[in-house]
Amino acid sequence: MADPRQLLTPVHLPRRERQPACHERPLTSEAHVSIVVVLGFVGLLFLGSRVLPGPVVQGAESHAGGCPQYRLNGMKLFLLSVVMAGAAWIWAPHLLAYPARNSGELLVAANVFAFALATALYVRGRCGSPPGRRSSPARALVDYVRGVELNPAWGGVDLKLFSYRPSLIALFLFNVSYLAAQYLDGGSVSGRMALYQVLFFIYIANYFQFEGGMIYTWDILAERFGWMLVWGDFVLVPFFYSLPGRTLVDVHEPLPLWAGISCTLLFLTGFWLFRGANEQKHRFKQDRGITIWGRPAETVGGKLLVSGFWGLGRKLNYTGELLVYTSWTVLCGTASLAPYLVLLFLAGLFVHRAHRDDKRCRAKYGAVWQEYCRRARFRMVPFLY
Ligand code: NDP
């Protein structure tokens, strides 16, 4: 039987011809090729979102009135991407490593795409908005950044929900491209890289499994669709959130067994909190009579859930997600500061978001929210914050 301590040492695959490391390669791809790649990638996913079957669900009542409908076929698109990435790993690993080798050009192309899409959304939104809205340049800038329309749809596809698909599938493809790059560069895959891939894969696959739950999230319910969300989806998430993977390409120290187990336990704890809290709220929004942890769900004023995770803290879903990101960031050790910037950014984002959501809920629920805050005293860290 294999010594379990060897599980986390580098996995040696059949050695192929050594390729120059990322930093030794000249930038070969022309900018226009990257634009075509980005357009083709988003276009294919958009087409897939239009034609692939999937359950159609009614969204929550939108803040602009009406209930949008969503077809949930993101999981099918993700699985197709996984199969294609698997085929590329076997037959064309250089193709799989393309994003890792050309991330600079792709970053430029993704920015061009994001700014163009935000402009198109702005023009479309302003054409359909009342004349009073078309006044000052400051207002125009706010509209460009924050968006004009709450639920823009093209060809029957809701653009806000759709945009999470290229965002997370691109993040998955960047991750596997770093895996391919490490393998092609050195002929092996490190234990750190392997664990990073497994944990991140579970996180992304679970997003698609839970795609229906997104319709009760703040961005879908309340944010208009403009540059801020577009740039976040098409640039920030795939390029910035994959920084730990990029760093791990050049980290070859074996991962001690205790460290691998600790990272996995941290991931599982965070995942339990993050997914558990989101799932409890999702079920509650659909049916107020649910049971949570074996008991009927308790509410404040019949409107806010105060059972399960939502009774322990008001934003434990954010805490859980931070733990999940921490679990794979620490795999990078001290090789680079860059992956820790992602954690810092997310911590800031969640604290700011928790404040904004608090303000919004206070305005929406009034005394009921106050009572809820009295029952669930802490936001993200019980007894601390
Ligand atoms: P929430 O899922 O916490 O949604 C907030 C809304 O839920 C509130 O506005 C309110 O809306 C409702 N709500 C709040 N408390 C209760 C309660 N006790 N009972 C019932 N309803 C309640 O936040 P987000 O939408 O910001 O985040 C969703 C997920 O997305 C989180 O897991 C977060 O971690 C993740 N996320 C990830 C990001 C990333 O970059 N990785 C960025 C942003 C979010 P209502 O008016 O409907 O009652």
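**Ground rules.** Residues count from 1 along each chain as its sequence is written. Since I'm on a prediction, local features need pLDDT of at least 70, side-chain atom pairs count only at pLDDT 80 or more, and totals for chains, interfaces and linings use all residues, while side-chain values use heavy atoms, without hydrogens and water.

**Ligand shell.** I looked up who surrounds the ligand and got 27 residues, with Tyr 318, Glu 321, Arg 360, Lys 364 and Tyr 365 the closest (near means a heavy atom within 4 Å). They split into 16 nonpolar, three polar and eight charged; Gly counts as polar here, Tyr as nonpolar.

**Polar atoms.** A polar side-chain atom of Tyr 365 is 2.3 Å from one, an N or O atom in the side chain of Lys 364 is 2.6 Å from one, and for Asn 278 I noted 2.8 Å. The ligand alone exposes 920 Å², and the protein buries 92% of that (Shrake-Rupley, 1.4 Å probe).

**Where is the ligand?** Both domain 1 (20-252) and domain 2 (256-385) give residues to its shell, so the ligand lies between them. H15 supplies the largest share, nine residues (a helix is a DSSP run of H or I, at least four residues).

**Core.** The largest nonpolar core has 86 residues, and Tyr 203, Ile 204, Tyr 325 and Trp 328 have the most contacts inside it. Core members are buried nonpolar residues joined through side-chain atoms within 4.5 Å, buried being under 20% relative accessible area. Helix H7 (159-186) gives the most, 16 residues.

How values were computed
A polar contact is a pair of N or O atoms within 3.5 Å; within protein, one must be able to donate a hydrogen and the other to accept it, and residues adjacent in sequence count only if both atoms are side-chain atoms. Helices (H or I, at least four residues) and strands (E, at least two) are DSSP runs, numbered from the N terminus. Domain bounds come from an automatic or database domain assignment. Buried means under 20% relative accessible area, exposed over 50%, partly exposed in between (1.4 Å probe, protein chains only).
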